[in-house]
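Dear colleague,

Please find below the structure that I am handing over to you. My notes on it follow.

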Amino acid sequence: MIPILKIVLTILQFWGVSALSFVCWLLSPLKWSQRSILSSKINKLTYEAVESLNCNAKSSIVYLPDTDIKLHVVEAGHQSEKLVVLLHGFPENWHSWKNVIPVLAKKGYFVVAVDMRGYNLSDKVKGVSNYNLKSLTGDVLALIKYYGKKTAYAVVGHDWGGVVAWHFAIHHSDSLDKLVVLNSPHPSAFLSAFMKSWDQRLASWYMIFFQIPVLPESLFSFFGDRIIRAMYQDKILKGDLEYSYSALLQPGALHATINYYRAMLRGAFRRKGSGVSKSTVNTPTLVIWGLGDVALTRDVSDPSRWVPNLRTNYLPNAGHFVLNDAPDEVNNSLLAFL
């Protein structure tokens, strides 16, 4: 009797989620008019955000060579100097680096903070497969080429930007001199912890949730400001929240950004583990980790098994959004490493 009951409950759960997804799909046009207003507003918010950096930064659209992709970037410093590429996470954009950009630029680096594909003012390419790691690391490689460099002096990534940075260092080690990752696990460390630890599996529930069609986009569309505030544990400034949420409400942005998770999981099934067989990072690496991270356990924070040239800085008073929680500590760590 118990197995039959489990089957019935599973069917009811499936149809319940499907019905909710369908309702959200029907209601989604109610948000379309708001999105069109926000599209005209986002340029103003971006201009104000760039001006507030106070380091002669500029907003640009980059046409990546050998691709059909256009990325929005914010540049600071002189292009002739060492290139530092900054890659943000979900649900953020280039502005998550607002406290880092002026500090690195004033130290003589050429800083490029990217809106990764699908985010904010960058292209929102259709299709889940266009958000796989090969495509995302290819964007970084093309960006380096665009600026006339053979290598980036440093690639710095947080959250999803860190995922891309790890894979870039693994597969394009000759295209960067240094790697910095903030609260984003080495792929082999994450896989190992996920297979062994129920704590990490439970903490990763949202990755499974994002596989559901329509529903995640709809929930973010209606309640995204509250969700983002909760993700930041109420530590986000009002202006930063407005910019992040407005950027996510650009046409196609929510679908594109959540497709990162869909592409990741589908790619994992196709690779069947082979994707992490080549995982050693010989590039000098700095890991900055906020210990209050509720999405990633301490088990995934140590990549020393795969990274022989490693420096780690644990920050006890910061959470997952370490750039927001501990900007001074992050900048001090970066400057000491670079």
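**Thr 285 and its surroundings**

A polar atom of the Thr 285 side chain lies 2.7 Å from the backbone oxygen of Thr 283. The model is a predicted one, in which local features need pLDDT of at least 70 and side-chain atom pairs count only at pLDDT 80 or more, while totals for chains, interfaces and linings use all residues. Residues are numbered from 1 along each chain as its sequence is written, and side-chain values use heavy atoms, with hydrogens and water left out.

Thr 285 belongs to strand β7 (residues 285-290); strands (E, at least two residues) and helices (H or I, at least four) are DSSP runs numbered from the N terminus. Thr 285 counts as buried because its relative accessibility is 0%, where buried means under 20% relative accessible area (1.4 Å probe, protein chains only). Among the residues that Thr 285 touches are Trp 166, Asn 309 and Phe 337, a contact being heavy atoms within 4.5 Å.

Eight strands form an open sheet of mixed pairing, in the order β1-β2-β4-β3-β5-β6-β7-β8; two strands pair if DSSP finds at least two bridges between them. Its edge strands, β1 (58-63) and β8 (310-315), each pair on one side only. Strands β2 (residues 70-76) and β4 (residues 110-115) are antiparallel and pair over five bridges, with Ala 76 opposite Val 111 in β4.

Yours sincerely

Technical notes: Buried means under 20% relative accessible area, exposed over 50%, partly exposed in between (1.4 Å probe, protein chains only). A polar contact is a pair of N or O atoms within 3.5 Å; within protein, one must be able to donate a hydrogen and the other to accept it, and residues adjacent in sequence count only if both atoms are side-chain atoms. Lists of a residue's contacts leave out its neighbours within four places in sequence.
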